[in-house]
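Welcome, and please open your viewer for a short tour. Each stop tells you what to select and what is there.

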Amino acid sequence: MGSPVIETVRPGVQFTPDAAAAFRRADAQVQAELGRPIDVNSTHRPWDTQLAMWHAWNAYVAGNGPYPGHSKAVHPSESFHVDGLALDSDDWTNTRVVQILADNGFIRNRLYVPNEKHHF
């Protein structure tokens, strides 16, 4: 399976073209209503980056490594970040931003994993 086509929306914000268009709509609405862009911590990650995060998380959970500096990471084959469809944001605490994101297809926390409320 090949890598997805990835588009840069702004520095550090990358999605597939359809997700990028949805994010742009959501970001414009947040900008219009709140006067600021959507907070973004992480979007697209290459397979190798996600795999390294997955290994680091599993080592930490098993007691064989330090805290990796990020929350739970799934295997790249399960990651919407690798697919260019995921967004991690501290705006998960803002109900209006969460609604705008949902209205544009970014549904929070598909797995309902504890401590993953930032994952859309």
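A word to carry along: a residue is buried under 20% relative accessible area, exposed over 50% and partly exposed in between (1.4 Å probe, protein chains only). This is a predicted model, in which local features need pLDDT of at least 70 and side-chain atom pairs count only at pLDDT 80 or more, while totals for chains, interfaces and linings use all residues. Residues are numbered from 1 along each chain as its sequence is written, and side-chain values use heavy atoms, with hydrogens and water left out.

Select Tyr60 to begin. At 34% relative accessibility, Tyr60 counts as partly exposed. Its place is in helix H2, residues 47–61 (helices are DSSP runs of H or I with at least four residues, strands runs of E with at least two, numbered from the N terminus).

How many aromatic pairs does the structure hold? There are five; rings of Phe, Tyr and Trp (its six-membered ring) pair if their centres lie within 6.5 Å, with planes under 30 degrees apart stacked, over 60 edge-to-face and the rest tilted. Phe23 and Phe106 form an edge-to-face pair, 6.4 Å centre to centre with 85 degrees between the planes. Phe23 lies in helix H1 (17–34) and Phe106 in the segment after helix H3 (95–103), so the pair ties together parts 83 residues apart in sequence. Both Phe23 and Phe106 are buried. Tyr60 and Tyr67 also make an edge-to-face pair, at 5.3 Å and 75 degrees.
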